[in-house]
Amino acid sequence: MFVELDKEVTEEKKLRYDKAYLRMAQTWAELSHCERKKVGALIVRDGRIISDGYNGTPAGFENCCEDQNGNTQWYVLHAEANAILKVARSTNDCSGATLFITLSPCKDCSKLVLQAGIKRVVYMMEYKDTTGVDFLKSAGVEVVHISDPN
């Protein structure tokens, strides 16, 4: 009985932290210059934020994500890709980390997530194509959907 109670407390605490990190990712998304959709991401490992990202253009490009017709430019980086690439340029690595993101990963970014060694993905909104989430689940990555982090 004590073990079950302890497990409930742990799950409750985990959910509390998951929601807090998602709220932080929402705040980070506000930094995006994209008009159509603003997405934020955090990578957390061992209780520490090791990277962050939001969708936008590569360094050195004009901060304009859409063309004159309102379509996203092909070179815009997704939030999770930006966060993973930041880790790649540091002394950290994503092995065993959790990705907190405001929009579920697309199929291309899901490959990056898996290859980076991320073991858990927590997201808010579902992307129109769930292929990325399905891929991650089939690869053994824990995927958690929390639609309201408040």
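Predicted model: local features only at pLDDT ≥ 70, side-chain atom pairs only at ≥ 80, totals over all residues.
Local features need pLDDT of at least 70 and side-chain atom pairs count only at pLDDT 80 or more, whereas totals for chains, interfaces and linings use all residues. Residues are numbered from 1 along each chain as its sequence is written, and side-chain values use heavy atoms, with hydrogens and water left out.

**View 1. The aromatic pair of Tyr 17 and Tyr 21.** Among the five aromatic pairs of the structure, Tyr 17 and Tyr 21 form a tilted one, 6.5 Å centre to centre with 45° between the planes (rings of Phe, Tyr and Trp, the last by its six-membered ring, pair if their centres lie within 6.5 Å; planes under 30 degrees apart are stacked, over 60 edge-to-face, the rest tilted). Both residues lie in helix α1 (residues 2-29), four residues apart, and together with Phe 100 they form one aromatic cluster.

**View 2. The largest pocket.** About 440 Å³ of space lies in this pocket (an open set of points on a 1 Å grid over the protein atoms alone, where a 1.4 Å probe fits, with protein on both sides within 12 Å along at least five of seven lines; lining residues have an atom within 4 Å of a point). Of its 20 lining residues, Arg 36, Lys 37, Thr 72, His 78 and Tyr 127 lie nearest the centre.

**View 3. The second largest pocket.** This pocket holds about 320 Å³ of space, and the closest to its centre of the 14 lining residues are Thr 57, Pro 58, Ala 59, Leu 77 and Asn 82.

Notes
Helix = DSSP H or I, 4+ residues; strand = E, 2+ residues; numbered from the N terminus. Points joined across faces, edges and corners; volume = space filled by probe spheres on them.
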